Every structure is written in structure tokens, then in C-alpha cells.
Amino acid sequence: MGKGPIVYKSLSELQIIQQNGDLLGRVLAEVAKRMVPGVKTIDLDTIAYEYILDHGAKPSFKGLYGCPSTLLTSVNEAVVHGLPNDTVLKEGDIVSVDCGVFKDGFHADSAYTFAVGEIKPETQALMDATLQSLLLGVAQVRAGNRVGDVSNVIQTYVESLGYSVVRELVGHGVGAKLHESPDVPNFGKRGIGPLLQEGVVIAVEPMVNLGRRNVVTERDNWTIRTVDRKVSAHYEHTVAVHDGKPMVLTTFKFIEEVLKTTYGEAIVH
Ligand code: MG
Ligand code: MG
């Protein structure tokens with residue numbers, strides 16, 4: 001993933017990333033509006049692509065490492081890196097949607113797992129726990145903490161509920177490049193790893209499996225799925241240390257507005 005030294009950002013640079021994060025939240029909200037049975041993941045990708053271009057930004061993923069798409073759409077047992085295609089989503093599916101936007105020299109990176117119609121309670125519980133683990137991780141992004149403090153709180157929480165964390169893929173620094181130093185694993189010990197200091201920007205992105213932690217790459221050479229084919233969830237925020245505290249640069253607020261309208265259910269914050 002990220003290579004080289006950590007690149008610390010100024011406040012004005014953090015503000016650019018936050019503006020991009022705002023746009024990214026609106027992109028994911030556009031996706032949320034259409035997350036209903038019968039939609040194809042490729043259609044969600046087109047909507048996101050056009051929305052990003054219409055707002056003067058570029059999709060971060062398209063073209064990076066040969067990625068053909070704006071979104072990565074990972075359905076059910078797919079963990080991450082699913083490619084949008086003609087797959088028709090059906091009632092009971094969950095879809096982890098990962099997206100990045102680039103504007104004014106900086107990226108923002110965020111992901112959210114959506115339910116398609118009614119889903120099993122055990123699947124909803126996995127999603128709630130994954131989102132909660134993200135928020136616990138974000139709260140550790142403080143001056144003087146180390147990456148291991150973020151990693152450990154995520155792993156400890158998730159495993160206490162009987163879920164498992166994926167180890168092959170990790171969070172990362174974010175900035176002028178989508179993937180910068182440091183790596184941010186979702187497992188590890190407290191007090192180890194790079195020191196978090198003012199101006200560091202990282203993507204915290206727990207990938208949590210209902211069953212075992214093991215994953216495999218599909219024959220399309222992109223999609224990462226669980227070996228046991230049980231479902232997996234993924235949420236991601238780009239977050240900085242500012243004034244010593246976490247400054248979340250991406251947002252789920254626009255998504256949550258849509259989901260409340262669509263499903264009329266309380267959303268976990
Ligand atoms: Mg991402
Ligand atoms: Mg990321």
C-alpha cells in the first residue's frame with residue numbers, strides 16, 4: 001500500500017480533503033437512493049461517475065492499478081474490490097460500495113455497506129458492528145496515539161462479538177495520492193506502529209466477516225471474497241488529526257438522510 005514517509009497536511013489541505021469528502025458523501029447518497037432490488041451495479045457506477053464529473057472532480061479509482069470503474073461494489077460474500085457489472089441486486093443482498101474522489105490536488109476515500117430491501121437480522125447486526133468498529137477506530141486518531149491503538153480497538157470490538165477482521169487488506173494514508181503511508185491494519189496491539197501527529201490523514205476501513213477471517217481473490221483478479229462465503233461488511237472514513245483530535249473528513253450524513261427517507265429506520269451513529 002502506502003510507501004515512503006508520512007506526508008503531513010496543513011489545515012488548508014485538510015479543508016480541501018473535507019470538501020472532497022463532502023462531495024463523496026453526496027455521491028454515496030446518490031447510490032443509496034437507487035439501492036433497491038432490480039438495480040444493476042454497473043448502473044450505480046454510471047450514476048456515481050457522472051455525478052463526480054458534474055461536480056468538477058475525478059473518480060480516484062478509475063485507472064488506478066487498472067481499475068475500470070468509479071465504484072467498487074462488493075456484494076454479500078465479496079469483501080472489497082468487486083467490479084460493477086450486470087449483476088442484478090435482489091432483496092436481502094448487501095453491497096459494500098467504496099469510492100474516492102480527487103479534486104484540487106487531493107483525494108478523499110470512503111465506503112459504506114448498504115442493505116437491498118429487507119435483510120437478515122444477523123446481517124444487519126454485522127453491518128452495525130462494523131460501522132461501530134469504524135467509529136471506535138476513528139476516535140483513536142489522536143495526537144500521541146499510534147496506529148496500533150486504532151487497529152486494536154477495531155479488532156477487540158469486532159472479535160468480542162464473534163466476528164472476524166480481514167487481515168490481507170488494510171487502511172492507509174490519504175493525500176495527493178490515494179494510498180500513502182502509513183498502513184492502518186484492522187488488527188494489532190496497542191502502542192505499536194507509526195505515531196499519529198498533527199496533520200496525518202488516514203483512511204480507517206474495517207472489513208468484518210460474519211464467519212472466518214480468511215479471504216480469496218476471485219477469478220476476475222479483482223474481487224476479494226470470504227473463503228467460507230459468509231457475508232462481509234466494510235465502512236470507511238478518511239480522518240485527520242487536527243488540534244490533536246480526530247477530524248473526520250468524509251461523511252455519512254447524506255447517506256443517512258436518504259436511508260431514513262427510504263426505510264424509515266433509525267440509523268446507527
Ligand atoms: Mg475506499
Ligand atoms: Mg481506502
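Contact here means heavy atoms within 4.5 Å. Keep that in mind as we walk through the chain. This is a predicted model, in which local features need pLDDT of at least 70, side-chain atom pairs count only at pLDDT 80 or more, and totals for chains, interfaces and linings use all residues. Residues are numbered from 1 along each chain as its sequence is written, chains are lettered from A and ligands numbered from 1 in the order in which they are written, and side-chain values use heavy atoms, with hydrogens and water left out.

Let us start with the whole chain. The protein has five helices and 15 strands; helices (H or I, at least four residues) and strands (E, at least two) are DSSP runs, numbered from the N terminus. With a radius of gyration of 17 Å, close to the 18 Å that the globule rule gives for 269 residues, the chain is as compact as a globular protein of that length. That radius is taken over C-alpha atoms, and the globule rule is 2.2 Å times the number of residues to the power 0.38. The C-alpha trace spans about 45 × 45 × 40 Å along its principal axes.

How much of the chain is buried? Of the 269 residues, 55% count as buried, where buried means under 20% relative accessible area, exposed over 50%, and partly exposed in between (1.4 Å probe, protein chains only). The accessible surface comes to about 11200 Å², and 52% of that surface belongs to carbon and sulfur atoms; these areas come from the Shrake-Rupley method with a 1.4 Å probe, and for residues only the protein chains shown count as cover. Among contacts with a separation of 6 or more, residues 24 or more positions apart account for 71%.

The 26 positive and 32 negative charges have mean positions 4 Å apart. Lys and Arg count as positive and Asp and Glu as negative, while His and the chain ends are not counted; the place of a charge is NZ of Lys, CZ of Arg, CG of Asp or CD of Glu.

Now for the aromatic rings. Rings of Phe, Tyr and Trp (its six-membered ring) pair if their centres lie within 6.5 Å, and planes under 30 degrees apart count as stacked, over 60 as edge-to-face and the rest as tilted. By this rule the chain has four aromatic pairs. In one of them, the rings of tyrosine 112 and phenylalanine 252 have centres 4.9 Å apart and planes at 75 degrees, so this pair is edge-to-face. Tyrosine 112 lies in strand S5 (residues 106-115) and phenylalanine 252 in the loop between strand S15 (245-248) and helix H5 (253-263), so the pair ties together parts that are 140 residues apart in sequence. Tyrosine 112 counts as buried at 4% relative accessibility, and phenylalanine 252 is buried at 6%.

Phenylalanine 252 also pairs edge-to-face with tyrosine 235, at 6.4 Å centre to centre and 70 degrees between the planes. Because tyrosine 235 lies in the loop between strand S13 (232-234) and strand S14 (237-242), and phenylalanine 252 in the loop between S15 and H5, this pair ties together parts 17 residues apart in sequence. Tyr112, Phe114, Tyr235 and Phe252 form one aromatic cluster.

Next, look at the loop between helix H1 (11-33) and helix H2 (41-54), where valine 36 lies. Valine 36 is partly exposed, with a relative accessible area of 37%, and it touches Leu89 and Val116, not counting residues up to four places away in sequence. Valine 39 sits in the loop between H1 and H2 as well, but it is buried at 15%. Leaving aside neighbours within four places in sequence, valine 39 is in contact with Arg34, Leu44, Thr87, Val88 and Leu89.

From valine 39, move to threonine 123: the two are 84 residues apart in sequence and 20 Å apart in space, C-alpha to C-alpha. Threonine 123 is found in helix H3 (residues 121-139) and is buried, with a relative accessible area of 6%. Its contacts, not counting residues up to four places away in sequence, are Ile94 and Val231.

Finally, some backbone details. The peptide bond from serine 181 to proline 182 is cis, with omega near 0 degrees, and proline 182 is found in strand S8 (residues 180-184). Tyrosine 65 has a positive phi of about 55 degrees although it is not a glycine; tyrosine 65 is placed in the loop between strand S1 (58-59) and strand S2 (71-75) and is exposed, with a relative accessible area of 60%.
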